[in-house]
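Take a look at it first, then read on.

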Amino acid sequence: MAKNEIKYLTAIKADKREKKFCRFKKYGIRYIDYKDVEFLKKFINEQGRLLPRRITGNSLKFQRKVSDAVKKARQMSLLPYVTDLLK
Amino acid sequence: MNNYELMVIFTPVLSDDEFKSQQKKYAKMVTDTGGSVVAENAWGLKSLAYSIQKKTTGLYWVLEYTAASDFNEKLKIQLLRDESVLRHLCTKLDKYAVEYNARKRSGVKSGNQKAVEA
C-alpha cells in the first residue's frame, strides 16, 4: 500500500452540477402557446423579464419561440411588460 | 387556405348581448369570405396586466379559423375601425399549433403539463 494514500471515511462531494436540459426537447413540446400564462411564467423573472438560456437551459430554437410567445402575451396584456413581484 | 387564430380584447362596457353580436359579426366575416370557423372561445371578463385606454379589464375572445391569405388584411381594417376593440392579435398557426389546439379542446392534457413541473 502506498504511503501517501489518504483515505476518507466519507466520500468527498464532487461538486458536480446536474446537467441542464431543454425541456421542450425532452418532453417533445412542439408548440408554445402564448395564451398559457402559467407556463410562460417559468421563463420570466419577478420583474417580468425573460430569463436567459444560461439559466433555463432551453435550446436556441425553443428560446426563440418562448420569447415570441412571451412578447405576444405582453401585447395582449396577459403578461406585464414591467412589474415587481410577479410571482 | 391557412390556419389562423385571432384574439380580440373588447371594451368591458359591452353588455352580454353586444359582446355576443360582436363575436357573431367577426365569425360571420370569416365564413362569408369562404373561410371556416374551427373553434371559438369567449374567455369573458378578465383583468388586464396593464391598463389599455384607461381600462383595467377587458372581454377576451379567441377564434380559431381557416381563411385565405388575403383575408386578414380586410379583417384588420374592420378591427381597427371598431371602437369597441381595445386590441387584437392574429397569429398564423403551424401544424404543431393546430395539433396542440385540437388536443387542448378535446380535454387531453397537453404535453406542457410535464414541463411545468420540471
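## Before you start

This is a predicted model, so local features need pLDDT of at least 70, side-chain atom pairs count only at pLDDT 80 or more, and totals for chains, interfaces and linings use all residues. Residues are numbered from 1 along each chain as its sequence is written, while chains are lettered from A and ligands numbered from 1 in the order in which they are written.

## Chain B at a glance

Chain B has 4 helices and 4 strands; here helices (H or I, at least four residues) and strands (E, at least two) are DSSP runs, numbered from the N terminus. Starting at the N terminus, the order in chain B is β-α-β-β-α-β-α-α.

Of the 118 residues in chain B, 19% are buried. Buried means that 20 or more other C-beta atoms lie within 10 Å of a residue's own, with C-beta atoms placed from the backbone.

## Strands and a helix in chain B

Let's start with the strands, where a pair needs at least two bridges found by DSSP. β1(B) pairs with β3(B) in the antiparallel sense over 9 bridges, and B:Y4 has B:Y65 of β3(B) as its bridge partner. Strand β2 (residues 36-52) of chain B also runs antiparallel to β3(B), joined by 11 bridges; there, B:S36 is partnered with B:T66. The hairpin of β2(B) and β3(B) has 2 residues between the strands, and B:Q53 takes a positive phi near 50 degrees.

## Where the chains meet

The contact takes 19 residues from chain A and 17 residues from chain B, with two residues in contact if their C-beta atoms, placed from the backbone, lie within 7 Å. On chain A's side, α1 (23-27), α2 (37-40) and α4 (60-75) each supply at least two residues.

## The core

A nonpolar core is a set of buried Ala, Val, Leu, Ile, Met, Phe, Trp, Tyr and Cys residues joined through C-beta atoms within 7 Å. The largest one has 33 residues, and those with the most contacts inside it are A:L40, A:A69, A:V70 and A:A73. Elements giving two or more residues to this core are α4 of chain A plus β1 (2-10), α1, β3 (55-67) and α2 (71-81) of chain B.

Methods: A residue is buried if 20 or more other C-beta atoms lie within 10 Å of its own, exposed if 12 or fewer, and partly exposed in between; C-beta atoms are placed from the backbone.
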